[in-house]
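I opened the notebook to record what I looked up in this model.

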Amino acid sequence: MNLAALGTSAGINIAVCVVVFSLYSILRKQPSQVTVYFGRRLSIDTRKSNKLCLDRFVPSASWIVKAWKTTEDELLTTGGLDGVVFMRIIVFSLRIFSIAAVTCVFIVLPVNYGGKVLGHNRIPLETLEVFTILNVQEGSKWLWTHCLALYIITFSACVLLYVEYKSITKMRLAHITGSPLNPSHFTVVVRAIPWSPEESYSDSVRKFFTRYHESSYLSHQMVYRSGRVQKLMSNAGKMCKILKDVSIEQKHKPGLYHCGFCGAHSDSFKILSHESESARGKSFLIDDGCGGKRKKVCAAAFVFFKTRYAAVVTSQVLHSSNPMQWVTQLAPEPHDVYWSNLWIPYGQLWIRKIATLLAAVAFMLVFLLPVTIVQGMTHADKLQKTLPFLEGPLKKKLISQLLTGYLPSVVLIVAFYTVPPIMMLISTLEGSISRSGRKKSACFKILYFTIWNVFVMNVFTGTVIDTVGIINKLDSVKQLPAQLAKAIPAQAKFFMTYVLSSGWAGLACELMQLYPLLCNFIRRYIFRMKDWAIGTMSFPYHTEIPRLLLFGFIGFTCSIMVPLILPFLLVYFTLAYFIYRNQIINVYITKYETGGHFWPLVHNTVIFSLVMMQIIALGVFGIRQSPISSGFTIPLVIFTLLFNQYCRQRFLPVFKNHVAEILIDMDREDEKYGRTEEIHQQLHAAYCQSPSTSPDSSMAGSYHHQEEDSIQDPENVTPGLIHATLRVS
């Protein structure tokens with residue numbers, strides 16, 4: 001691949017981005033698309049503007065200015081701590097790759113290009129290998145520049161990581177102290193409750209915690225397994241709520257929809273005219289669906305304690321000589337609870353984890369097929385030998401550049417669209433009881449999957465014909481650095497085009513919100529449903545964080561060998577900074593908080609990327625016969641690992657455990673200002689699974705929880721602020 005083919009790929013993606021950004025700036029001004037591009041704002045303010053003016057049809061950059069002017073405090077209020085942490089990933093990447101780009105482009109790139117191993121042509125016809133370390137002669141005295149760049153990048157990354165880890169840790173502690181009425185601080189989930197023929201699960205829980213935690217135990221709420229009838233009734237109740245909202249928005253005027261295909265009126269569906277009828281229907285459906293006879297008690301319960309400290313202590317101790325009984329953990333936030341997995345027997349979890357791990361590995365192996373196909377497309381010469389009928393078309397310059405420079409990345413991106421839903425399904429089957437835990441597990445799996453298939457397998461697989469040679473290439477661990485040092489520069493063309501297509505064009509698709517836009521188009525112009533309610537979306541951290549970390553991993557590992565990739569990565573992270581800020585401000589809502597739990601994953605991935613970069617550098621210096629540079633690289637690996645261990649000891653415990661002194665101070669403050677009784681009265685309502693009071697719920701003392709009229713799916717609820725707060729009676 002030469003610079004002309006790279007320019008073709010870059011030109012296509014730049015054109016796509018310019019067109020998409022212009023189209024987005026127009027569509028976001030149209031009243032018909034307000035539910036697509038301003039979902040979060042509509043959840044707070046339902047007023048719409050239908051004012052017709054010329055400005056609505058003129059592209060503008062106002063959304064970029066708004067994203068730039070938004071402060072971090074405003075972002076914290078809008079997107080929560082998780083949104084701030086996500087943006088910190090982008091800011092960290094911008095800072096470290098700015099340093100890397102300046103260092104490598106002005107120091108390393110001239111050394112690579114000045115080598116004499118590969119011949120030179122005119123600039124447009126220069127191959128990308130000329131700009132890589134493959135063009136540096138063995139034993140060259142200029143290899144010290146690569147070692148110097150390695151030191152600059154490593155020390156800069158460690159300093160920036162330390163600053164970010166320290167700052168986010170403080171923000172996490174402030175997040176905990178800033179949400180004094182969070183019910184999850186007082187609640188423990190108890191699973192694997194022993195079955196007794198003499199008493200119910202509820203009586204067992206009450207007796208156990210009254211006996212062993214008498215001074216701190218407050219009450220408990222059993223978990224029920226809903227049957228099919230209740231699920232149907234619950235869905236019908238949600239539908240009644242939607243119809244109620246639409247009827248209010250239409251000022252109680254009934255209307256019939258036009259069919260988008262034939263234009264005729266449909267008499268099969270009619271909007272409810274009166275709010276009272278809608279409310280009565282909803283109440284009837286919900287109450288009928290949640291009757292006690294249709295509920296089955298599970299061996300799990302939410303146990304409430306009088307203080308935060310008591311709940312934390314209870315969640316961390318072993319309650320029985322049999323570790324498979326009376327298993328406790330801190331409860332997730334009410335909107336974060338994934339009720340279906342609470343029904344899973346605790347004894348099945350270890351089997352599920354093994355099964356899901358095997359399923360994820362099997363999926364990774366199956367995905368080798370599209371990876372090898374992509375690699376075959378990047379080698380035009382070998383592709384002609386395998387498929388002779390392509391010899392004629394590949395002689396045409398434009399077709400050859402498209403096939404080898406642009407199409408491979410597009411094929412891989414399309415194949416990758418199947419990964420997030422499959423990994424989310426696997427993570428759901430794993431048994432996490434929280435929605436955030438499910439997303440975090442999917443995030444881990446997608447990250448490992450993308451690094452393995454985009455980087456490792458693309459480096460070692462080669463073409464479809466050479467796939468068998470991978471076994472011979474990896475016959476010795478000692479040869480791994482040398483093989484990486486040879487293979488990564490050879491795959492420079494693929495990584496650059498992947499950054500352009502998956503990075504730049506992927507961000508453009510994220511900005512456009514193609515799937516919601518398509519659904520809105522079908523809803524409005526085919527089914528003619530003008531004012532139908534649309535659900536708001538939560539931020540897809542499980543897909544976007546692995547994407548950012550993958551590009552960071554590619555940037556670190558390719559920095560000293562293929563420095564030409566760094567400017568493209570800088571453009572990607574700059575676009576990501578504005579686009580994701582815009583999405584957090586306008587599109588996505590925060591339904592639950594993890595308190596910045598994704599940052600340790602980010603830190604570990606960056607450390608892994610640094611170590612991989614240093615190991616590859618060892619292979620490079622070994623191949624190029626530079627023992628001095630190799631000797632200076634080994635201490636750098638040791639320093640990076642020691643730095644990681646220090647951060648694990650200094651910051652990681654704050655993300656895994658609660659701080660006792662903070663919880664005790666918060667408990668004393670509640671007692672001082674008389675908030676304790678109010679909090680206790682609201683705990684049951686926070687984790688109420690059904691709208692009616694359960695006969696198997698208990699209160700230890702004089703506190704009684706109030707019945708709720710209805711319950712909503714946490715994924716469809718629209719919170720006002722980021723912190724989970726309790727309603728005051």
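**Entry: Cys-298.** I listed the contacts of Cys-298 (heavy atoms within 4.5 Å), leaving out residues up to four places away in sequence. Cys-298 touches Tyr-201, Met-222, Val-223, Tyr-224, Arg-225 and Trp-343. I placed Cys-298 in strand E3, residues 295–305. Helices (H or I, at least four residues) and strands (E, at least two) are DSSP runs, numbered from the N terminus. Is Cys-298 buried or exposed? It is buried, with a relative accessible area of 9%. Buried means under 20% relative accessible area, exposed over 50%, and partly exposed in between, with a 1.4 Å probe and protein chains only. I also checked Cys-298 against Arg-191: they sit 107 residues apart along the chain, and their C-alpha atoms are separated by 8.9 Å.

**Entry: ground rules.** I am reading a predicted model, in which local features need pLDDT of at least 70, side-chain atom pairs count only at pLDDT 80 or more, and totals for chains, interfaces and linings use all residues. Residues are numbered from 1 along each chain as its sequence is written, and side-chain values use heavy atoms, with hydrogens and water left out.

**Entry: other cysteines.** I looked up Cys-443 and found it buried, at a relative accessible area of 0%. Cys-519 is partly exposed, at 33%. How many disulfides does the structure hold? I found zero, taking a disulfide as a pair of cysteine sulfur atoms within 2.5 Å.

**Entry: strand E1.** Arg-191 took me to E1, residues 187–191. Five of the five residues of E1 are buried, so the strand is largely enclosed by the rest of the structure. In a regular strand the side chains alternate between the two faces of the sheet. I sorted E1 by face: Thr-187, Val-189 and Arg-191 lie on one side, Val-188 and Val-190 on the other, and all are buried. What does E1 pair with? Four bridges join E1 to strand E4, residues 327–330, and the two run antiparallel. Pairing needs at least two DSSP bridges between the strands. I noted one partner: Val-190 bridges to Thr-328 in E4.

**Entry: two positive phi values.** Most residues other than glycine have a negative phi, and most peptide bonds are trans. Ala-192 has a positive phi, near 55 degrees. I found Ala-192 in the loop between E1 and helix H7 (201–212). It counts as buried, at 14% relative accessibility. Gln-513 has a positive phi too, of about 55 degrees, although it is not a glycine. Its place is in the loop between H21 and helix H22 (514–526). At 4% relative accessibility, Gln-513 counts as buried.

**Entry: helix H21.** The expected span is 1.5 Å times one less than the number of residues. Where does H21 bend? It bends by about 30 degrees at Gly-506. The bend is the angle between axes fitted to the seven residues ending there and the seven starting there. H21 is mostly covered, with 20 of its 21 residues buried.

Entry: I looked up Ser-609, found in helix H25, residues 599–623. Ser-609 is buried, at a relative accessible area of 1%. It touches Phe-553, Phe-556 and Thr-557, again not counting residues up to four places away in sequence. Helix H26, residues 627–650, has 24 residues and reaches 35 Å, close to the 34 Å expected. Its buried residues include Leu-636, Val-637, Phe-643 and Cys-647. What covers them includes helix H6 (144–177), H25 and helix H27 (652–656).

**Entry: whole chain.** I counted 29 helices and five strands in the protein chain. Of its 729 residues, 53% count as buried.

**Entry: confidence.** pLDDT is the predictor's confidence in each residue, from 0 to 100. The chain averages 78, and 72% of the residues score at least 70. Over residues 463–474 the pLDDT is below 50, and this stretch has 19 contacts in the model beyond near neighbours in sequence. Where pLDDT is low, the predicted coordinates should not be read in detail.
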